[in-house]
Each structure stands twice: as C-alpha cells, then as structure tokens.
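Morning, everyone. I have a few minutes on side-chain links in one chain. Let me put the structure up.

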Amino acid sequence: MFGDIATEAILEGASLEDIPEAYWASLREGWMRDETGAWLLRSFKSSYFGPHCSPGDVAGYEASVNGRGIPDIDLSSTGVQRARELARRGYAFARMALFGLRTMTGHPPMEAYISICRVDDSRDDDLYTGSVTFASLRPNEANYLDDVEDIRDCAVLILEVSDCDTSLPLIPAERGA
C-alpha cells in the first residue's frame, strides 16, 4: 500500500532538505542506550513521560519513546500529494536517523516504521497524517510490527538500519511524480 502513495522515484528523490526543522535536533543529538538496553533517540527520550520499559518488551518501549508524528503544519497540499510529501519527509528523517545509528557500536538491528494514514474526518477525506517510529529487533521478543501486510487503514514502509549505509544528498534529485 505504501508504494501506491510513495513510489520508488519519490523516495529516491529524498534529500536532506526534506527533513523538517523539528527533526534536526534529534539527528544532531543522536542515539543513546539506556539502562534497560533500549536504543533511543536522545531528544525523544528527554521529552517522553510515558510508562517505563516492561521486561521482555524493549522494542515496545523503544517504539513508545521513538515514535513521533511527521510535522505537517506548513503543508498546504491535500490528497495524494500531501501523502507523498509526508512520506518523503518521514523517509528522509528515518533514513538519516538510522544512518547515524550505524556509527554507534553494539546497536541491535533497528527498523523505522513510516506510516501514512488518511485522517478519519467526515469533513475532509483528502487529509493525511504521518508518523515515524523506531524499534529494534531482538531475539525472543515480539517485533514492534510483525504483519505489515495485515494493516489496511495506513500505508507503512519499514526501513532497516542495513538499508541506510549512505547519507542523503543535500540537493534534491529530480522529484518523482
């Protein structure tokens, strides 16, 4: 379903310029490993006030701390164009966050989940919202999101840390349609 919203050409055209200003501090501050063994974006951890890590659910805790909405207040587009812009923003941020994680030793396999959902609002059926969440893959623990194929109300792209071995360019490539 994600491919219907964000084609490969659109994602290949992502650049550092697609990353919303609100996310740059998170990229600069980078990752940390906390006392539970969870890998967290440092700036997200400092603003998280939810429940602490439960035994055997480190990935769930990581997803709670590392999940954020994709900033969209500055977007004036609607419909599929808005969904594509959100997807490119989420992809650019996720890719650079995972690229930064690669520089740290001892990190577990990590995935980013970029989701784009139609807002359930009877007044406007062309409005979309998006989010980015990061969680690790750990032996003997459930993954944060096991069956992406079963999700019907959102488009979800899973990006693995192993997919992020290069930085995004500063200057955007030709944008896909």
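Before the first residue, one term: contact here means heavy atoms within 4.5 Å. Keep in mind that this is a predicted model.

Start with E62. It lies in helix α5, residues 58–66. Buried or exposed? E62 counts as buried, because its relative accessibility is 0% and the cut-off is under 20%.

So what does E62 touch? Leave aside the neighbours within four places in sequence. Then E62 is in contact with G37, A38, W39 and L40, with G67 and M110, and with F134, A135, S136 and R138.

Pick R138 out of that list. The side chains of E62 and R138 make a polar contact at 3.1 Å. The pair also forms a salt bridge, with 3.1 Å between the closest N and O atoms. E62 sits in helix α5 and R138 in the loop between β5 (128–136) and β6, so the bridge ties together parts 76 residues apart in sequence.

Next, the other salt bridges. How many are there by this rule? The count comes to 4. I will show two more of them.

D18 and R88 meet through their side chains, N to O at 3.3 Å. D18 is in the loop between α2 (8–12) and α3 (21–29), while R88 is in helix α6, residues 79–101, so this pair ties together parts 70 residues apart in sequence. Both D18 and R88 are buried.

Then R82 and D72. Their side chains form a salt bridge at 2.8 Å, N to O. R82 belongs to helix α6 and D72 to the loop between β3 (68–69) and α6, so the parts tied together here are 10 residues apart in sequence. R82 counts as buried, at 7% relative accessibility.

Last topic: cysteines. A disulfide is a covalent bond between the sulfur atoms of two cysteines. The structure holds 1 disulfide. Which residues does the disulfide join? C117 and C154, with S to S at 1.7 Å. The link of C117 and C154 is right-handed, with 105° about the S-S bond. The pair connects distant parts of the chain: C117 is in strand β4 (110–118), C154 is in strand β6 (154–160), and they are 37 residues apart.

How accessible are these cysteines? C117 is buried at 17% relative accessible area. C154 is buried too, at 13%. One further cysteine to note is C164, which is buried at 0%.

That's my tour. Questions, please.

Note on methods
Residues are numbered from 1 along each chain as its sequence is written. This is a predicted model: local features need pLDDT of at least 70, side-chain atom pairs count only at pLDDT 80 or more; totals for chains, interfaces and linings use all residues. Side-chain values use heavy atoms; hydrogens and water are left out. A disulfide is a pair of cysteine sulfur atoms within 2.5 Å. Helices (H or I, at least four residues) and strands (E, at least two) are DSSP runs, numbered from the N terminus. Buried means under 20% relative accessible area, exposed over 50%, partly exposed in between (1.4 Å probe, protein chains only). A polar contact is a pair of N or O atoms within 3.5 Å; within protein, one must be able to donate a hydrogen and the other to accept it, and residues adjacent in sequence count only if both atoms are side-chain atoms.
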